[in-house]
Amino acid sequence: MNTRDLVLVSLFAAIIVALGLIPPITLGFIPVPITLQSLGVMLAGVILGAKRGALAPLLVILLVAIGLPVLSGGRGGLAVFAGPTVGFLIGWVPAAYVTGLIAERFARPAMAALPQTLGFFAAAAIGGVVVLYLFGIGYLAFGAGLGLEKAFLGSMAFIPGDLLKAAVAGFAGRAVMVGYPLLPQRA
């Protein structure tokens, strides 16, 4: 990694942390709050690509582990890793990686605006929603003891908001690609 990569990873980690300043919304029937930090994870993958995109949420997780209150609601410290939402937190890294991997393959710089934006949206939706939910729902079901059906059905309330976040990430990915492409070029 060069200096530029380190700066970009740090910048997107800061974006994820900044999105955590917006207070979480709890629904009551499931112990997972609605936050905007998953949007930061999607943005990291879409704009930085797989490897650098995955390092940004990993850096945030390390900040959480050392006790900094960087999660939504001012949470931080090792106690977070014993909570019911840890599956979603740990899922940020593979979610950003898969988002970036799909964006690198299906949102080429030479593409027209609509297909490129749809490629970014698909990357954010698959990586930032499907992959993230696999980790989050999996831990809620088995680690937190909610059961698969209750964890799955409770998490479905988050789908509309997460698809909206994926759309924002798709448009942001397109805007950055036009103005200052950061996705790694593949041979």
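(Helices are DSSP runs of H or I, at least four residues long, numbered from the N terminus.) The model is a predicted one, where local features need pLDDT of at least 70 and side-chain atom pairs count only at pLDDT 80 or more, while totals for chains, interfaces and linings use all residues. Residues are numbered from 1 along each chain as its sequence is written, and side-chain values use heavy atoms, with hydrogens and water left out.

The patch itself covers about 460 Å² and is built from M1, L6, L55, L58 and L62. L62 sits in helix α3. To join a patch like this, a residue needs over 30% relative accessible area and no salt bridge, and nonpolar side chains (Val, Leu, Ile, Met, Phe, Trp, Tyr) are linked within 5 Å, whereas like charges are joined within 9 Å. Accessible areas come from the Shrake-Rupley method with a 1.4 Å probe, and for residues only the protein chains shown count as cover.

Now for the inside. In soluble globular proteins, nonpolar side chains tend to be buried together. The largest nonpolar core here has 47 residues, and those touching the most other members are F12, I47, L89, W92, Y133 and A169. At least two core residues come from each of α1 (3-19), α2 (37-48), α3, α4 (86-106), α5 and α7 (159-179). Helix α5 gives the most, with 11 residues. A core of this kind is a set of buried Ala, Val, Leu, Ile, Met, Phe, Trp, Tyr and Cys residues joined through side-chain atoms within 4.5 Å. "Buried" means under 20% relative accessible area, "exposed" means over 50%, and "partly exposed" is in between (1.4 Å probe, protein chains only).

Helix α5 runs over residues 113-143 and includes L114. L114 is exposed, with a relative accessible area of 60%. L114 and F171 are 57 residues apart in sequence, and their C-alpha atoms are 9.8 Å apart in space.

As for charges, the structure holds two salt bridges (a side-chain nitrogen of Lys or Arg within 4 Å of a carboxyl oxygen of Asp or Glu). One pairs D5 with R52, with the closest N and O atoms 3.0 Å apart. Since D5 is in helix α1 and R52 in helix α3, the pair ties together parts that are 47 residues apart in sequence. Both residues, D5 and R52, are buried.

The other salt bridge joins D162 and K165, whose closest N and O atoms are 3.1 Å apart. These two residues are three apart in helix α7, so about one helical turn separates D162 from K165. D162 and K165 are buried as well.
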